[in-house]
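Subject: Handover of a structure and notes on what was found

Dear colleague,

Please find the sequence and structure below.

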There are 2 protein chains.
Amino acid sequence: MFKMWKLFCKKCGFEGEEDKYYPFCPVCKSSLYIKGEKPKFNSILGEGNTPSVKENINGYEVYFKMEYLNPTGSFKDRGVSYSLQLASSLKYKCAVEDSSGNTGISTAAYSSRLGLKSKIVIPKTAPQGKKALLKSLNAEIIESNTRDEASLIAEDLSRSCFYVSHARNPFFIEGMKSIAKEIEKIKPRGVIIPSSSFSLFLGTYYGLKEIGINAKMFAVQGIETASLKEFIDPIYESKGKESKLADGLALKKSPRGEDAIKALKESNGGLIVLDDDEIKLGLKKLWQMGYMVEPTSATSYIALIRLIELNYDVNDYVLMLTGNGLKFYDLIEKIL
Amino acid sequence: MFKMWKLFCKKCGFEGEEDKYYPFCPVCKSSLYIKGEKPKFNSILGEGNTPSVKENINGYEVYFKMEYLNPTGSFKDRGVSYSLQLASSLKYKCAVEDSSGNTGISTAAYSSRLGLKSKIVIPKTAPQGKKALLKSLNAEIIESNTRDEASLIAEDLSRSCFYVSHARNPFFIEGMKSIAKEIEKIKPRGVIIPSSSFSLFLGTYYGLKEIGINAKMFAVQGIETASLKEFIDPIYESKGKESKLADGLALKKSPRGEDAIKALKESNGGLIVLDDDEIKLGLKKLWQMGYMVEPTSATSYIALIRLIELNYDVNDYVLMLTGNGLKFYDLIEKIL
């Protein structure tokens with residue numbers, strides 16, 4: 001096989017074999033980085049090229065990037081498509097992921113598409129509807145007692161299957177970068193992104209930098225899981241204690257936290273931390289505008305409003321709407 | 001107001017007032033036609049420009065048009081957006097539609113977006129999840145005893161509200177035409193469309209003709225509701241008796257049947273009639289390929305396979321995937 005790339009660890013110095021995939025550092029479990037020439041892959045199921053809708057919000061012209069209109073209903077399709085095309089090219093026969101949410105669904109769909117067997121590890125308590133969806137996509141569902149146990153099971157399965165590992169796998173971020181070219185024309189001055197694993201956050205940031213665009217990067221997190229707060233003070237923080245509605249922002253600690261802080265500081269952006277009351281408010285407003293998003297996406301909208309109140313000039317800001325609310329249609333009504 | 005267009009009836013000769021909307025002929029209840037200059041409207045919520053994915057099916061190059069990735073999850077957004085922008089420009093304050101399916105959801109979302117009140121008339125027996133979705137979009141839900149009663153209630157409400165009336169309103173077809181430019185590059189030789197009201201079928205046909213493309217038009221219908229069979233023999237028909245899975249093809253009689261037959265014959269296309277067993281087969285295959293569509297959309301795929309078996313050269317055919325399966329995620333598993 002032609003030698004093109006290597007994965008390496010910035011934390012402990014580990015360097016992988018040429019063209020060999022590691023879902024995380026086998027020595028210290030950190031997220032990895034790529035050196036060499038990265039493989040190129042195309043859209044296979046229509047992922048990417050989602051609509052950007054120009055909106056006038058309180059007198060500002062902003063753009064809503066409808067990532068929830070990706071094939072399986074979230075931005076994750078970009079990273080999953082790239083990662084699993086890589087898995088195919090490396091002759092893997094199966095894929096594993098620990099997620100009952102958007103990444104799990106996307107992994108199941110793209111695995112099925114590419115002829116890989118998928119194993120999705122989810123907590124026993126995951127909603128029945130999600131399990132049904134995964135089964136419809138031919139996934140093997142493996143139930144764990146806790147979220148942490150799910151990760152351990154996935155790590156264990158990674159010895160024989162391609163572990164998508166969206167929070168640590170650097171190829172996942174490579175897949176995300178495709179979004180930058182799609183917002184290039186807007187010349188975004190700022191980007192607002194609900195962020196937990198930072199794959200979309202860093203993919204957008206690196207992608208924009210590669211095409212010479214500097215935009216302020218704003219990460220939005222739930223108040224219960226605001227992993228960036230240990231590194232930086234939020235520019236805005238809600239008063240409540242709960243953020244259970246933002247189930248797409250569940251990671252309490254992100255392996256990519258330091259990279260995210262670097263991007264945020266370099267770009268002169270900021271951290272916004274929201275509670276359920278504000279998320280509910282944002283969800284109500286977005287559905288009223290016709291955007292049928294999942295609750296996590298509503299954090300983008302509230303962040304925008306708070307930035308305006310903090311006197312940011314948000315003209316030409318891009319706001320990411322990350323996940324489709326149709327996956328939750330029975331729950332949305334109860335929230336609103 | 002500047003005089004631009006008039007609606008008229010080909011059946012009974014009725015001619016409407018200038019720039020006045022009638023959802024159907026007030027004399028004989030037929031579908032109407034437009035004369036004069038048609039208004040132009042833009043995409044307001046990202047509708048349209050859905051992905052076309054090139055697929056190799058049994059050695060043929062065909063294109064899957066992912067209409068289910070429209071904002072509210074179906075192709076109906078094109079016609080609803082156009083119709084309700086017209087309603088706004090005509091100063092209507094409310095919109096009504098009799099549909100618990102894709103048209104109802106789309107009408108609720110675009111009404112909310114445009115500041116119109118929406119009234120959706122649905123049979124009492126409609127699934128709870130659909131009602132929840134409509135409520136989340138601020139629709140007023142009016143329950144009827146039967147499907148026919150729902151139509152009568154909607155017709156009655158049309159005296160004060162804009163009745164979207166997707167099966168008879170000619171502006172709905174105008175909205176659909178936007179799809180033609182999106183598949184122009186493919187130079188489609190044939191188009192396969194699940195068809196009940198024929199809005200997408202006729203919109204695609206007229207739109208393609210306007211840009212000089214002649215494509216064979218294939219309508220796919222459910223065996224219980226194959227309204228075109230009274231005019232033409234199917235080129236393929238399943239052996240079963242039921243087609244309950246294709247709930248998007250429920251109209252037993254279409255006001256646009258004669259126009260559809262004309263398009264079908266002029267274009268040298270055909271009618272394909274399918275039962276639940278075949279729809280189930282198509283759904284399984286599409287989900288396996290990663291297309292998370294609703295059962296109705298699966299009819300396109302089976303129609304394609306049957307055309308190949310009938311020795312049609314289906315190279316550069318376009319196959320419409322009309323509705324998003326996420327709206328049915330709890331039901332799909334039971335079907336597959």
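Before the remaining findings, two remarks on conventions are needed. This is a predicted model, in which local features need pLDDT of at least 70 and side-chain atom pairs count only at pLDDT 80 or more, while totals for chains, interfaces and linings use all residues. Residues are numbered from 1 along each chain as its sequence is written, chains are lettered from A and ligands numbered from 1 in the order in which they are written, and side-chain values use heavy atoms, with hydrogens and water left out.

**How the two chains are related**

Chain A is superposed on chain B by a rotation of 180° with 0.0 Å of shift along its axis, at an RMSD of 0.0 Å. That is the relation of a two-fold axis. The superposition is by least squares on the C-alpha atoms of residues with pLDDT of at least 70 in both copies. The same surface serves both copies, since 100% of the contact residues of chain A recur in chain B.

**The contact between chain A and chain B**

Chain A gives 38 residues to the contact and chain B gives 38 residues, where contact means heavy atoms within 4.5 Å. The area buried between the chains is about 3,200 Å², and carbon and sulfur atoms give 61% of that area. Buried area is the accessible area (1.4 Å probe) that two parts lose on being put together, summed over both.

Between chain A and chain B there are four salt bridges. A salt bridge is a side-chain nitrogen of Lys or Arg within 4 Å of a carboxyl oxygen of Asp or Glu. Side chains of opposite charge can pair when their charged atoms come close. One salt bridge joins B:Glu55 and A:Arg113, with the closest N and O atoms 2.7 Å apart. Another joins A:Glu333 and B:Lys135, with the closest N and O atoms 3.8 Å apart. A:Glu333 lies in helix 11 of chain A and B:Lys135 in helix 3 (residues 128–136) of chain B, so this pair joins two chains. Helices (H or I, at least four residues) are DSSP runs, numbered from the N terminus. A:Glu333 is partly exposed at 29% relative accessibility, and B:Lys135 is partly exposed at 41%.

**Salt bridges elsewhere**

Over all chains, a search of the whole structure finds 54 salt bridges. B:Glu61, with which these notes began, meets B:Lys54 in a salt bridge (3.7 Å, N to O). B:Lys54 is partly exposed, with a relative accessible area of 48%.

B:Lys209 and B:Glu266 also meet in a salt bridge (3.5 Å, N to O). This pair links distant parts of the chain, with B:Lys209 in helix 7 (residues 199–210) and B:Glu266 in helix 8 (residues 257–266) of chain B, 57 residues apart. B:Lys209 counts as partly exposed at 42% relative accessibility, and B:Glu266 counts as partly exposed at 46%.

In chain A, a network of salt bridges links A:Lys38, A:Glu174, A:Lys177 and A:Glu210.

With kind regards

Key
Buried < 20%, exposed > 50% of the residue type's maximum accessible area, 1.4 Å probe, protein only.
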